[in-house]
Amino acid sequence: MSGMPAPSIPNLLTLRHSRGGSGIRARTRGRGGASSSATAQHTPSDDEVIQGTDTDAAECRRSAVELDYLEDPYAQFFKAPGSRPARRKEPLINRGTYVRTTALDMLIEVFLSSTAEGGERQIVSLGAGTDTRPFRLFEGQKQGKLIYHEVDFPNVTKQKYRTVESTPKIRAVIPNPGFVDETEKTWRDEALPNANQYWCHGLDLRDLSKPDATSLLGLRTDVPTLLISECCLCYLSVEQASKVVEYFKTRIDRLSLVIYEPIILSLDDPFGKKLRDNLKSRGIQMPTVETFKTTSEQEKRLKDAGFESCHSVSVRKIWEDWISPDEKERVDSLEGLDELEEWNIVGDRYSISWGWKGIDLKGWRLGPV
């Protein structure tokens, strides 16, 4: 796993407010190492910095749950050992967390409902970290068999195992977690209710971009599959990210893909320049930000990858078009949001893109509404 992209992308809000934070996307991955001082006794390795970025994701999720933006009974269990209580996030960040999570839940629900008749389907989440989505899905999964794979760094997946194994509420959903072998790189529970399966792989994603990449244990190539990247592929080189997608595309005929990541409409406007300087100062590279700067370019990216039908929208448009008036009113009532200008700026600089091949996902054609 050494050399994988490292520190988190700077919170886009800090480019206006000059203060720390997590951004709409809670956990993200970047390239480069942590800075050090002459008096520092220990400089975190790239891997240590990468693993630490997931803590912020858990805090953002807990903040949104505690303030009733989201329902997630498992979020409370994912925090670093000995960490302080999660700091309440700013309303702008809470709304961003809500919109991203809700939009992905909508797309996943359409995928599951569209494939329920066939009985078996599969989800593969790249860079999953402490994501609680599989536990929520298994808890409510009544129709058809769901095989859920998560891929992340070995230390991250081992910590997730320890949390699952020691938490009765999660064990009620994943009752028999266990490592596949003594290497402790993959753990799973293949005997869930309703014939569901959960697999968690400790793996450097770049290994999947290599010509000699081995198959993921338990991966089915004969069932409809949804591949998810939440701010994960954006930290690989464009070529590596394409090859990771190709790994699944060449093996699975009925494949769909959802990508959530930043876009920068222009790196030449004041906002774009500030972001570029901020990334550079931290030694972070985000190749897709430089390459796919608009939703149209994200759509072309998926078409070039061989997906038959492709769409991409900004987070701001998702809030405007996908969230019902009643739900908007409920969310607004939780805290209120005065920084509408900032919301529009930040919301336009994150996108969700999706496409599919070999499978008819009619509900995805214009996005869930």
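Biologist: How many of the eight residues of strand β2 (residues 145-152) are buried?

Modeller: In this predicted model, Lys145, Ile147, His149 and Val151 point one way from β2, while Leu146, Tyr148, Glu150 and Asp152 point the other way. The residues on both sides are all buried. Strand β2 is therefore largely enclosed by the rest of the structure, the number of buried residues being eight of the eight.

Biologist: Which strand pairs with β2 over seven bridges, and in which sense?

Modeller: Strand β2 has a parallel partner in β5 (residues 197-202), to which six bridges join it. In that pairing, Tyr148 has Tyr198 as its bridge partner. In the other pairing, Ser125 stands opposite Glu150 of β2. The strand joined to β2 over seven bridges is β1 (residues 120-126), and the sense is parallel.

Biologist: Which strands stand at the edges of the open sheet?

Modeller: The sheet has nine strands in the order β3-β4-β5-β2-β1-β6-β7-β9-β8, and its pairing is mixed. Each edge strand has a single partner strand, so one side of it is left without a neighbour in the sheet. The edge strands are β3 (178-179) and β8 (309-314).

Biologist: Which residue stands opposite Trp187 in β5?

Modeller: Strand β4 (residues 186-189) pairs with β5 over four bridges. The sense of this pairing is antiparallel. Within β5, the residue opposite Trp187 is Cys200.

Biologist: Is Glu261 buried or exposed?

Modeller: Glu261 lies in strand β7 (residues 255-262). Beyond its neighbours within four places in sequence, Glu261 is in contact with Cys231, Cys234, Thr288, Gln298, Arg301, Tyr350 and Ser351. Because its relative accessibility is 0%, Glu261 counts as buried.

Biologist: What is the distance of the polar contact that joins the side chains of Glu261 and Arg301?

Modeller: The side chain of Glu261 makes a polar contact with the side chain of Thr288 at 3.1 Å. A polar contact also joins the side chains of Glu261 and Arg301, at 2.8 Å.

Biologist: Which side chain makes a polar contact of 2.5 Å with the side chain of Asp72?

Modeller: Asp72 lies in the loop between α2 (46-66) and α3, and at 9% relative accessibility Asp72 counts as buried. Its side chain reaches the backbone nitrogen of Tyr74 at 2.9 Å. Not counting residues up to four places away in sequence, Asp72 touches Arg61, Val65, Thr132 and Arg136. The side chain in polar contact at 2.5 Å is that of Thr132.

Biologist: What separates the C-alpha atoms of Ser113 and Leu361?

Modeller: Ser113 lies in helix α3 and is partly exposed, with a relative accessible area of 46%. Along the chain, Ser113 and Leu361 are 248 residues apart. Their C-alpha atoms are separated by 9.5 Å.

Biologist: Over which residues does the pLDDT stay under 50, or below 50?

Modeller: The protein averages a pLDDT of 82, and 81% of the residues score at least 70. Where pLDDT is low, the predicted coordinates should not be read in detail. The pLDDT stays under 50 over residues 1-11, and it is below 50 over residues 13-47.

Note on methods: Residues numbered from 1 in each chain as written. Predicted model: local features only at pLDDT ≥ 70, side-chain atom pairs only at ≥ 80, totals over all residues. Heavy atoms only, no water. Helix = DSSP H or I, 4+ residues; strand = E, 2+ residues; numbered from the N terminus. Buried < 20%, exposed > 50% of the residue type's maximum accessible area, 1.4 Å probe, protein only. Polar contact = N/O pair within 3.5 Å; in protein donor to acceptor, adjacent residues only side chain to side chain. Contact = heavy atoms within 4.5 Å. Pairing = 2+ DSSP bridges. pLDDT = per-residue confidence, 0-100.
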